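Welcome! Take a moment to look over the sequence and the model, and then we will walk through a few spots together.

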Amino acid sequence: MVELPDLNRVPDGPVRRMFAAARRHDLDAMVAEFAEDYVNITPNHPGRDFVGRDQVRSNWSALFAGIPDLAVEVRDAVAAPDGTVWVEWTSRGTRRDGVPVEQAGVGIFTLREGRLAAVRFYLEPVERDSGDVARAVQSVVGADGRDAPS
């Protein structure tokens, strides 16, 4: 198993406290780190954007209930000069119906007055069987190989 960095890699403050609470499945402590008017922006899925920590509570309540063994791990983190905190993280576990779930990605957190004010959220399901890089490029450009430069 790959050794993951400790939460001490995350700068001290609300992001670290939020991840620590998520690891403990402590919903109240987790939600307390979010500003009331928290903004969640999901650039790859703009229909999933939302505002407010009530939605954070709803989302994580469902995750903790639906994936009882949900494990959240920070892979790396850094505080940028502008005060944002970049976190690469994973989550994994098994749904109640026995289906394993794994996600990986990055969150770019904006802080205000000691709370999480916003995030640009790039967490996506891990796809182990979606093909190699050539197949991925072909799906983006629509190439079938006949029009590729030689």
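## Around helix α1

Helix α1 itself spans residues 14-24; helices here are DSSP runs of H or I with at least four residues, and strands are runs of E with at least two, numbered from the N terminus.

Within α1, Pro14, Val15, Met18, Phe19, Ala21 and Ala22 are buried (under 20% relative accessible area; exposed is over 50%, partly exposed in between, with a 1.4 Å probe and protein chains only). These residues lie on the same side of α1, because they cover an arc of only 160 degrees around the axis, taken from the directions from the helix axis to the C-beta atoms. An α-helix has 3.6 residues a turn, so residues three or four places apart point the same way.

## Asn40 in strand β1

Now to strand β1 (residues 34-41), which holds Asn40. Asn40 is buried, with a relative accessible area of 7%. Its side chain makes a polar contact with the side chain of Thr42 at 3.2 Å (a pair of N or O atoms within 3.5 Å; within protein, one must be able to donate a hydrogen and the other to accept it, and residues adjacent in sequence count only if both atoms are side-chain atoms).

Setting aside neighbours within four places in sequence, Asn40 is in contact with Asp49, Phe50, Val119 and Phe121 (heavy atoms within 4.5 Å).

## Val137 in helix α4

Val137 sits in helix α4 (residues 133-141) and is partly exposed, at 46% relative accessible area.

## About the model

This is a predicted model, where local features need pLDDT of at least 70 and side-chain atom pairs count only at pLDDT 80 or more, while totals for chains, interfaces and linings use all residues. Residues are numbered from 1 along each chain as its sequence is written, and side-chain values use heavy atoms, leaving out hydrogens and water.
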